[in-house]
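Trainee: I have a model open and would like to go through it with you. Could we take it piece by piece?

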Amino acid sequence: MANIFKFGIEEEFFLVDAETKSAAGAMPAAFLAAAKKATGGQVTGELLQSQVEIATLPHHDMATARAELRFLRQTLAKIAAQHGLAILAAGTHPTAVWRDMQRSASARYETVMHDLQMIGQRNMLCGMHVHVELPDPDERVNLMTRMLPYLPLFVALATSSPFWASRPTGLKGYRLAAYDELPRTGVPELLRTREEFEAYVAALVQAGVIPDASYIWWAMRPSLANPTLELRAPDSCTLVEDSIAIAALYRTLARHLYLNRWRHCDLNAVQRAIVVENKWQAQRHGINATFASEDGAMTVAEMLERVICDTEADAAVLGCDAELNRCRAIASAGTSADTQLAVYAAHEHDADSDAALHAVTDWIAAATLQ
């Protein structure tokens, strides 16, 4: 079973000026062409020209995924430097002004922007997507629904977006607060079968609302382009080790739920409503969130420990033990958001807000390549 649950990771980055770390207004065509060539097409543009995405190949083990993720980040950064640019891995850019950003040229993005209008222009956000392939792709919708109680945990462990438009937001993960302005986002609906999901998509397509299922932007969804269940909730993780740890946790849970089909098989509307609230708590407080449950309050660390205990056998089979220990370290020491806020606080006492924010972007740029 270890080789069945293949996985892949997509990461979105901000493209910035190498010196000032301000968001790039436009992406040089030569940069994107060179990045595609150097990675065999594993780099693509995004909705806005100040964003760029990498995608790993499908992997069977965490070590090769970690190595490839580092290679892609380093390669992209090296090519960016040739154009006076750098990359930042974070859910939001601390100082970017969305009004100054330009849309990328593509038919799909033109359609998206026409539909979303100003909400699309505000989409100055970067996330991480983790794909896991199940033995039976028809089980993806059912497993997606049974995975919902864990969704806030992934959000809490990945928070890297405490700033927006040069201001502390008061949230550890502001990205989802902005992203959920879009339609068809947030916590997935309570669907149980592939047929139910397809009926939902078909109704929207028939009405001319969306062209296909790739316009369903839930925090988790069955991928249209791949035979995978795609986790979309996490912020782009600044540290590679955090990306790999969260991917391993998701992969481990996917195996556990697939093999234990009784777990959360009766998830109901009340429990989904609790998930929605816990997702907000994770966005607001990150690893310091308190989650609600029908059995009482639970900290992020307590929920993580319960998950690791429940999935111990799955982690062993998949070779994810070290990565789940890394999740423990995140829950204890903090996420990128916690470090960003600490850097800001340390410099705010000795300098003005602009200088403190510059220190934050410098830290993100350096940590992205660690």
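Trainee: Which residues of α10 are buried?

Mentor: In this predicted model, the buried residues of α10 are R272, V275, N278, K279, Q281, A282 and Q283, where buried means under 20% relative accessible area, exposed over 50% and partly exposed in between, with a 1.4 Å probe and protein chains only. Helices here are DSSP runs of H or I with at least four residues and strands are runs of E with at least two, numbered from the N terminus.

Trainee: What do they pack against?

Mentor: The buried residues of α10 pack against α6 (151-158), α7 and β10 (290-291), with contact meaning heavy atoms within 4.5 Å.

Trainee: Before I go on, how are the numbering and the cut-offs set up?

Mentor: Residues are numbered from 1 along each chain as its sequence is written. Because the model is predicted, local features need pLDDT of at least 70 and side-chain atom pairs count only at pLDDT 80 or more, while totals for chains, interfaces and linings use all residues, and side-chain values use heavy atoms, with hydrogens and water left out.

Trainee: Over to α15, then. Which of its residues are buried, and against what do they pack?

Mentor: A356, L357, A359, V360, T361, I364, A365, A367 and T368 are the buried residues of α15, and they pack against α2 (62-81), β4 (85-88), β6 (163-164) and α14 (336-348). The cap at the N-terminal end of α15 is D352, which places a side-chain oxygen 3.3 Å from the backbone nitrogen of D354.

Trainee: Changing topic, which residues have the most contacts inside the largest nonpolar core?

Mentor: Those are F31, L76, M147, F154, L157, L249 and Y250, in a core of 119 residues, a nonpolar core being a set of buried Ala, Val, Leu, Ile, Met, Phe, Trp, Tyr and Cys residues joined through side-chain atoms within 4.5 Å. Helix α9 (residues 240-259) contributes the largest share of this core, 12 residues.

Trainee: What does F154 touch?

Mentor: Leaving out residues up to four places away in sequence, F154 touches M147, L231, P234, I246, L249, Y250 and L253.

Trainee: Which residues have a positive phi although they are not glycines?

Mentor: Among them are A165, with a phi of about 55°, and H264, with a phi of about 60°. A165 lies in the loop between β6 and β7 (167-168) and is partly exposed because its relative accessibility is 35%, whereas H264 lies in the loop between α9 and α10 and is partly exposed with a relative accessible area of 25%.

Notes
A polar contact is a pair of N or O atoms within 3.5 Å; within protein, one must be able to donate a hydrogen and the other to accept it, and residues adjacent in sequence count only if both atoms are side-chain atoms.
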